[in-house]
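Here are a few exercises to work through with the model open in your viewer. Try each task before you read its solution.

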Amino acid sequence: MVNQDPTNPSHALFDQFVQSQTCKEVQRTFSELCHHLQLDPRDYQSFYTKLKERLNYWKAKALWIKLDKRAQHQDYQQGKVCAKTKCLVLGAGPCGLRTAIELALLGAQVVVLEKRDSFSRNNVLHLWPYTIYDLRGLAAKKFYGKFCTGALDHISIRQLQLILLKVSLLLGVEVHTGVEFKGWMAELFPDDHPAGKFQFDVFISAGGGRFVPDGFRWKELRGKLAIGITCNFINHHSAAEAQVAEISGVARIYNQKFFQDLLTEKGIDLENIVYYKDATHYFVMTAKKKSLLKMGVIKQDFSDANQLLGQANVDQDALLRYAHGAAHFSTGHRLPNMQFALNHAGQPDVAMFDFTCMHRAENASLVRERKGKKLLMGLVGDCLVEPFWPLGTGIARGFLAAFDTAWMVRSWGKGKPHLEVVAERESIYQLLSQTTPENINKNYSAFSIDPATRYQHVNLNSIKANQLQHLVPMCVHGPDSVGAFEELLKWCQQHTAGYDRVKVKDLTQSWRSGLALCALINTFRPHLIDMSSLKESDSVHNNQLAFSLLEGELGIPPIISASDMATKEQIDKLSMVLYLTQIHDAFNERTP
Ligand code: FAD
C-alpha cells in the first residue's frame, strides 16, 4: 500500500479503503478512516462534506471531483429535497446499493440491510453502455482500475458491489451486513440488532430474486423450459490465458456448426454460450434437457422444473464434467489448467438453474400505514422485474428502476399527495420492460433521476390516481385515518350482519375463525360458499377457503397463511386493513 504522505496515516487508510477487496475489509477500513478523522458516519447530512474537508489528499480530491459533479445536479437540490426522509433499503446487491446512493444524494437518511456478510458472487455481468457511463461517473475506475477498460463491457457482481458499497459509505449511507429482514411481524434477525430501532418512512426492497414484501403481487411469464448453467474457473492471469478470446454471446441460430461439433465431440447440446474473462473465467450457457439427461447430469426426467433440477436429481460430478467440457470446447481447448474457482460455500463454482418462468411485480410501489405513520414502499432490481440473462437486462433495468425509485422518493420528500406519487411511479414503471439499449435516450451525460432524461416517451400521467386506490389504502388517502378505519369497519359489519356465529367488532380478532371473511364473500357471491357447512372451530380450513376464493375470484392474494391467521398471537391490524380495503374496493367495483 502506498502512503503518499508518511506523516499522514489517513492517506494510507484512504488508500486501503479504496483498494479493499472484500466487503469486510471495506467496512473495517472505512470505520478506521472515520475514527482517525474523528468523523461520525451516522452524521449523514454533513458526513461527506466533513470528510472532504478533513481528508486533504490529492487522490481523494480526484474522487470528490467525480462525486461532486453528480451531487451538484439540480434534481438533488443540494441534498435538501429529502432532508427529512428516512429510507430503509433491503439488500446490498447492485440495485439496492445503486438506489441507496441516489437517496443519499437527495439528502435522505439511508440505512441498508444485507443478510450476507460477504460479497462472493463471481458471476460476470454484461453491462449496457449507459450503465458503464453511469458507473464511470461514480468514479468506478478509481476503485477498480480495470473497470471496463477498452472494449470491455462486463464486471463481476462482487466487484460491482464493492464499488457501490464504497461510494455509498462515502456519501453517508449506513450499511449493515449480516442482518436479515424477516418481514413486518418478525422484523430483523438478529432481533436485537441496532438497525431495528431505525424509524423510516420509505422502505425499498432490493432483495433480489423473488423477495417481495407483503402487499405486492407477482405476474408470471412462462416460456418453454430453459436450463442455464454458470461456471467459474480460476484465472491465473498467465500469458496463455490472456490470449484466449472472450465469447460475448454465440447463439445456436447463428453458428450451427459450432454447436453440432460440440455435440459430436462431447455429447453436450447447447442453445448458447457466453465467456467473459474477469477475476475468473466465467461461462454461462443454456443447455438442452435431453443432453443433460443423456450425460447423466439430470438423473430422471420430470415435467416439474423444481423436481427436475432439485438437488436430489442432479449428479454434481456429472454437472462439473458437463460445464468443464463446454468451456474447454468453446475456447478452442486453449484455456490451460482449468480449475474451478470456489463459491461462498467452498465448492466448485458451478450452478444450474431454471429460467423458464420470469416474474414481474404488478406494481412498483404502494403506501401503507405502519406504527401510525405513512410508509412508502418500492421495489427495485430483480425483485421488481426478473431479468432475462441472455439480454443482460439485470443491471440496466435495475439501475433504471433505482433512478425511478429515487424520483418517487423525491416527490414523497417534496410532500406530493401519496396517490399521485404512486400513480407517477406506476406510469414510469410501464416503460421499464420495453427498454432496450437501442430505444433508451442516447445522451448519457444528461441522464439523471428525472425519467424524461432517460426514456424516450414519458407520460407521467399514463396511470391515473383513481386506478390505484388499492395501493394506497383508504386509511392513508386522507389525513383522518381513524375515521377511515371506522368507515371500513362499518362496511364490514354491514355486510356480515345476520350471519350465525359472526360478530365483527374490530379489524383483527373478529376475523380469526375465518367465518367473517366467508360471510363477506357469501354476501356478495352467495353461490361460492355454503355457510352451513362451516364449523367455527375449523378456522384454518375456513381461512384457507376464503383466501383461495378471494385470490381466485378477485385476484387478491392472502396477506398471511391460513394457519397464522388462526393461531398467531397477534393479527397485524394494518395488513388486515390493507386486505379488507382491497376486498371492499373489489366488491364495490364489481357489484352492479
Ligand atoms: P441481488 O444481486 O440478488 O441482491 C439482493 C441482495 O439482497 C442479496 O445480497 C441478498 O443477500 C439480499 N437479501 C435478500 N433477502 C434479504 C433479506 N431478507 N434481508 C436482508 N438482505 C436480503 N444482469 C446483467 O445486467 N447482465 C448480465 O450479463 C447478467 N447475466 C446474468 C447471468 C445469470 C446466469 C444470472 C442468474 C443473472 C444474470 N444477470 C445479469 C442478472 C443480475 O445478476 C441481477 O440482475 C443483479 O444481480 C440483480 O441485482 P439486485 O440488487 O436486484 O439483486
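**Exercise 1. Domain layout**

Task: find how far the centres of domain 1 and domain 3 are from each other.

Solution: Keep in mind that this is a predicted model. Taken over C-alpha atoms, the centres of domain 1 and domain 3 are separated by 37 Å. As for the bounds, domain 1 is made of two segments, 9-219 and 361-465. Domain 2 covers 224-355, and domain 3 covers 473-590.

**Exercise 2. Around the ligand**

Task: describe the shell around the ligand and work out where it lies.

Solution: Start with the residues. The shell holds 34 of them, and G91, G93, G208, G381 and G394 come nearest to the ligand. By class, 15 are nonpolar, 14 polar and 5 charged.

Next, look at the elements. At least two shell residues each come from α5 (94-105), β2 (109-114), β3 (124-126), β6 (180-181), β10 (227-234) and α14 (393-413). The largest share is that of α14, with 4 residues.

Finally, bring in the domains. Both domain 1 and domain 2 give residues to the shell, so it lies between them.

**Exercise 3. The nonpolar cores**

Task: which residues of the largest nonpolar core touch the most other members?

Solution: Of its 131 residues, those are L103, V110, V112, F283 and V409. Helix α14 gives the most to this core, with 12 residues. Because domain 1 and domain 2 both contribute residues, this core lies between them.

Now zoom in on one member. Leaving aside residues up to four places away in sequence, F283 touches T230, C231, I273, V274, Y275, A323, A326 and A327. Another core, of 31 residues, lies apart from the largest one and includes F485, V502, L517 and I556.

Definitions and conventions: Residues are numbered from 1 along each chain as its sequence is written. This is a predicted model: local features need pLDDT of at least 70, side-chain atom pairs count only at pLDDT 80 or more; totals for chains, interfaces and linings use all residues. Domain bounds come from an automatic or database domain assignment. A residue is near a molecule or strand if its C-beta atom, placed from the backbone, lies within 6 Å of it. Ala, Val, Leu, Ile, Met, Phe, Trp, Tyr, Cys and Pro count as nonpolar, Asp, Glu, Lys and Arg as charged, and the others, Gly among them, as polar. A nonpolar core is a set of buried Ala, Val, Leu, Ile, Met, Phe, Trp, Tyr and Cys residues joined through C-beta atoms within 7 Å. A residue is buried if 20 or more other C-beta atoms lie within 10 Å of its own, exposed if 12 or fewer, and partly exposed in between; C-beta atoms are placed from the backbone. Two residues are in contact if their C-beta atoms, placed from the backbone, lie within 7 Å.
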